[in-house]
Amino acid sequence: MSSQCPIAIDPMISDLAGETDRLRAAGPLARIDLLGAPAWTVTDHTIARQLLVDTRLVKDINAWGLWTSGVITRQWPLIGMIDAGRSMFTVDGAEHRRLRIKTTQALTPRRLEALRPMIERFVKELLDDLDEASRDGAVVDLKQIFAYPLPMRVVSELMGVDRSAHSMLLESYKKFFSMLTPQDERLQVLADLDIFYEKMVRDKTATPTDDLTSALIQADEGGEPLTEEEVVGNLKALVAAGHETTVSLILSAVRALLTNPEQLEKVRSGEYEWKAVIEETLRFDGPVIHLLMRFATEDITIGDTVIEKGEGVVMSYRAIGRDTAIHGEDADEFDITRPTAHRNISFGYGPHICPGAALARLEAAIALPALFERFPGVRLAVPVEEIGNLPVLTQNDLAVFPVQLS
């Protein structure tokens, strides 16, 4: 165990920029205190890519020394993000490939493009809602009316989740991620979500429909079919990740453009594509702050540092995106002309790269130009400094986003 003084990760997200600076100053591998759990975190782009494909780092919580020794229990506030049931997000190797293959088949570029008309329809409906809410110049919350419901509608349509469940799911995930939620209540949220998804899987087993959940139930690639637990695990993780990341991507892009009007003009004029906005947003202010967690199955030496067997490793993607060795000395600035922006690894790298990354990019590529075309005079209704994060340690989750549309 390193003697390096650990950096305490702030669960209230009171100074995200300062925390990112402190982590980067601590070196490419920094010691952190994660709500009482010591761990390593990676802040270096090259080392992150190296470790994300290292088979000695696994997702299995039973490889975590603090868990097997009983130091960390189910009362640890972040346990639900690690001990999350069996799914493609919690296993490695051949089992990971078996659990992942049907999802990746459903999210090929051709199949994603087929989703475009549906996404465009949802975007138009929500822009209409924004228009209605902003009558007489009223300030509206871009998050609550537009960015928040859009990805839930999309991922629910993809997975076959009934729209009547959207409010419940959004509220449940909000409680789950918030550091203000008492742990007993958070564990109850997880139990209730399990009951909801188990019923959904059983209903679709009895009566399949044209959606990804039914496809996962029926999947048989010549090997062992997915169990109910595995389908439930994939489903609940995909719905959670599929809406949280896109909310953040859309809002972060809008904030960056509204506070950098010269760059907004570059994309509005057609000098740069919206793809450049999306990739630079992912690099500069991406959806994930810290991704939990992988565990060392043996000692791993990185330079002068040894990650000991049983220790946990976190990927601090926000700090990784500010790596000056990759993105230049001005990496703390938003610049859609940056030639390295596409090299960001904000959705991960290697076998566990986010399966919904292309879907999130597609949603943002439809939502952002539509928003600015419909409301060319959109502007922040409060100083940008007043747009803060919710107390969500892992996600870049903005609390509110008040704007005026004209």
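In the predicted model, helix α8 passes helix α9 in a right-handed crossing. The two helices pack at an angle of about 115 degrees, and their axes lie 11 Å apart. Since angles of 65 to 115 degrees count as roughly perpendicular, α8 is therefore roughly perpendicular to α9. On the α8 side the contact is formed by Met152, Arg153 and Ser156, and on the α9 side by His166, Leu169 and Leu170. Classified by residue type, this contact of α8 with α9 comprises three nonpolar, two polar and one charged residues.

Helix α17, which spans residues 357–374, takes part in two further packing arrangements, with α6 and with α12. Helix α6 covers residues 116–133 and packs against α17 at an angle of about 40 degrees, with an axis separation of 10 Å. The helices α6 and α17 are therefore oblique to each other, and their crossing is right-handed. From α6, the residues in contact are Arg116, Ile119, Glu120, Val123, Lys124, Leu127, Asp128, Leu130 and Asp131. From α17, the contact draws on Leu359, Leu362, Glu363, Ile366, Ala367, Ala370, Leu371 and Arg374. The residues of the contact between α6 and α17 fall into 10 nonpolar and seven charged, with no polar residues.

The packing of α12 (residues 228–258) on α17 is likewise described by an angle of about 40 degrees and axes 10 Å apart. Helices α12 and α17 are therefore oblique to each other, and they cross in a right-handed sense. Here α12 contributes Gly242, Thr245, Thr246, Leu249, Ile250, Ala253, Val254, Leu257 and Leu258 to the contact. The α17 side of the contact with α12 consists of Ala360, Glu363, Ala364, Ala367, Leu368, Leu371 and Phe372. By class, the contact of α12 with α17 holds 12 nonpolar, three polar and one charged residues. Glu363, Ala367 and Leu371 of α17 are listed in the contact with α6 and also in the contact with α12.

Over the whole structure, the search returns three cavities of 30 Å³ or more. The largest cavity has a volume of about 140 Å³. Its lining comprises 18 residues, with Leu238, Ala241, Gly242, Gly356 and Leu359 lying nearest the centre of the cavity. The elements α8 (149–159), α12 and α17 each give two or more residues to this lining. The greatest contribution to the lining of the largest cavity comes from α12, with six residues. The lining of the largest cavity divides into 13 nonpolar, four polar and one charged residues.

The largest pocket has a volume of about 920 Å³. A total of 44 residues line this pocket, and Met81, Phe89, Ala237, Ala241 and Leu291 lie nearest its centre. Two or more residues of the pocket lining are given by each of α9 (166–177), α10 (183–206), α12 and β6 (291–296). Helix α12 supplies the largest share of the lining of the largest pocket, seven residues. By class, the lining of the largest pocket is made up of 25 nonpolar, 12 polar and seven charged residues.

Leu292 and Met293 are joined by a cis peptide bond, with an omega of about -25 degrees. Met293 is located in strand β6, an element that gives two or more residues to the lining of the largest pocket. Ile13 is not a glycine, yet has a positive phi of about 55 degrees. Ile13 lies in the loop between β1 (7–8) and α1 (16–25).

Terms used: Residues numbered from 1 in each chain as written. Predicted model: local features only at pLDDT ≥ 70, side-chain atom pairs only at ≥ 80, totals over all residues. Heavy atoms only, no water. Axes fitted to C-alpha atoms, helices over the stretch in contact; angles between N-to-C directions. Helix = DSSP H or I, 4+ residues; strand = E, 2+ residues; numbered from the N terminus. Parallel < 35°, antiparallel > 145°, perpendicular 65-115°, else oblique. Left-handed = near helix turned anticlockwise from the far one by under 90°. Contact = heavy atoms within 4.5 Å. Nonpolar A, V, L, I, M, F, W, Y, C, P; charged D, E, K, R; others polar. 1 Å grid on protein atoms, 1.4 Å probe; cavity = no way out; pocket = protein on both sides within 12 Å on 5 of 7 lines; lining within 4 Å. Points joined across faces, edges and corners; volume = space filled by probe spheres on them.
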